[in-house]
Amino acid sequence: MRFVIAPPLISSIAVAGSTERFPVRRIICVGRNYEAHAREMGRDPTREAPFFFTKPADTVVENKATVPYPPDTKNFHHEIELVVAIGRDGFNIALARACDYIYGYSVGIDLTRRDLQLQAREQGRPWDWGKAFDQSAPIAPIEPVSRIGHPKKGRIWLSINGAIRQDADIADLIWSVPEIVTIASQSIRLKAGDIIMTGTPAGVGAMTPGDHVEGGIDGIGTIEITIGEPEKT
Ligand code: MN
């Protein structure tokens with residue numbers, strides 16, 4: 001096939017213990033999936049159906065990168081999250097089979113222009129400009145299920161310049177990973193290469209240029225980024 005302009009490169013994420021990479025098709029994010037975070041966002045943490053938003057595949061950022069402070073925000077937030085990498089296509093996936101569709105797990109940061117997100121929320125507008133901006137999805141190397149199985153618990157944490165800001169356990173997810181896979185697959189056909197960011201625990205907050213941000217999930221991995229100065233061109 002020939003194209004009228006150069007086709008975009010395939011976005012990808014490193015795979016732990018391998019020189020091969022995981023190709024990213026799209027990034028699906030779960031909103032409010034830990035009770036304490038739902039409360040800090042001013043919402044009732046009852047177990048209402050999960051809701052989703054997305055980021056483009058090319059928002060992924062490599063571990064240890066410098067992420068420039070993005071435009072149009074004065075409240076640039078971190079959200080540390082368990083990441084699920086989908087390895088097979090599936091529609092209407094049975095709960096008992098959900099794990100069969102998972103290639104691996106990682107840890108990532110759902111970077112958020114919180115002022116734009118909250119303004120959109122209040123005005124009933126889409127969240128995209130608060131969530132789906134350039135370089136908004138740093139993700140650590142993926143640990144394949146063949147190496148770590150399907151983790152059900154483990155400390156999830158994030159620090160800024162060494163001070164802990166988020167500290168919880170993935171066992172506290174309101175909707176479990178298999179439930180999220182099943183529910184998402186009832187609404188869209190999940191495809192190999194899809195990434196699911198499963199929601200953040202409490203303690204989200206603002207970052208500024210020069211901040212060194214580290215996070216991790218016990219048994220899965222760690223992610224670190226530095227916040228850089230805004231890009232000028
Ligand atoms: Mn999030």
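Is Ser 106 buried or exposed? Select Ser 106 and find out: this residue is buried, with a relative accessible area of 1%. Before going further, keep in mind that you are looking at a predicted model.

**Stop 1: around Ser 106**

Ser 106 belongs to strand β9, which covers residues 102–109. Show the side chain and look for two backbone oxygens. The one from Ala 140 is reached at 2.7 Å, and the one from Pro 141 lies 3.2 Å from a polar atom of the Ser 106 side chain. Now bring up the neighbours. Leaving aside residues up to four places away in sequence, Ser 106 touches Glu 81, Leu 82, Val 83, Ile 139, Ala 140, Pro 141, Ile 142, Ile 217 and Ile 220. Hold on to Glu 81 from that list.

**Stop 2: the manganese ion**

Click on the manganese ion next. Which residues coordinate it? They are Glu 79 (OE), Glu 81 (OE) and Asp 110 (OD), at 2.0 to 2.1 Å. Along the chain, these donors follow the spacing E-x1-E-x28-D.

**Stop 3: strand β15**

Select residues 194–197, which make up β15. Here is a general point to look for: in a regular strand the side chains alternate between the two faces of the sheet. In β15, Asp 194 and Ile 196 point one way, Ile 195 and Met 197 point the other way, and all of them are buried.

β3 (residues 26–30) runs parallel to β15, joined by four bridges, and Ile 28 has Ile 196 as its bridge partner. β8 runs antiparallel to β15, with three bridges between them. In that strand pairing, look for Val 83 opposite Met 197.

**Stop 4: helix α5**

Move to residues 177–185, helix α5. How many of its nine residues are buried? Seven are, so the helix is mostly covered. Colour them to see the pattern: Val 177, Pro 178, Ile 180, Val 181, Thr 182, Ala 184 and Ser 185. Those buried residues pack against β3, β4 (52–55), β8, β9 and β15.

**Stop 5: helix α2**

Now select residues 114–123 for helix α2, where the buried residues are Arg 114, Leu 116, Gln 117, Ala 120 and Arg 121. Turn the view to look down the axis of α2: these residues fall within an arc of 165 degrees, so they line one face of the helix. What do they pack against? Look for β7 (76–78), β10 (112–113) and α3 (128–131). Just past the end of α2, Gly 124 takes a positive phi of about 70 degrees.

**Last stop: Met 207**

Finish at Met 207, in the loop between β16 (205–206) and β17 (212–217). Met 207 is buried, with a relative accessible area of 1%. Beyond residues up to four places away in sequence, Met 207 touches Tyr 69, Phe 76, His 77, His 78, Leu 111, Ile 160, Val 213 and Ile 227. For a sense of scale, draw a distance from the C-alpha of Met 207 to that of Thr 19: they are 32 Å apart in space and 188 residues apart in sequence.

Definitions and conventions:
Residues are numbered from 1 along each chain as its sequence is written. This is a predicted model: local features need pLDDT of at least 70, side-chain atom pairs count only at pLDDT 80 or more; totals for chains, interfaces and linings use all residues. Side-chain values use heavy atoms; hydrogens and water are left out. Buried means under 20% relative accessible area, exposed over 50%, partly exposed in between (1.4 Å probe, protein chains only). Helices (H or I, at least four residues) and strands (E, at least two) are DSSP runs, numbered from the N terminus. The arc is that of the directions from the helix axis to the C-beta atoms. Contact means heavy atoms within 4.5 Å. A polar contact is a pair of N or O atoms within 3.5 Å; within protein, one must be able to donate a hydrogen and the other to accept it, and residues adjacent in sequence count only if both atoms are side-chain atoms. Donors are N, O and S atoms within 2.8 Å of the metal (3.2 Å for Na, K and Ca); water is not among the atoms, so sites may look incomplete. Two strands pair if DSSP finds at least two bridges between them.
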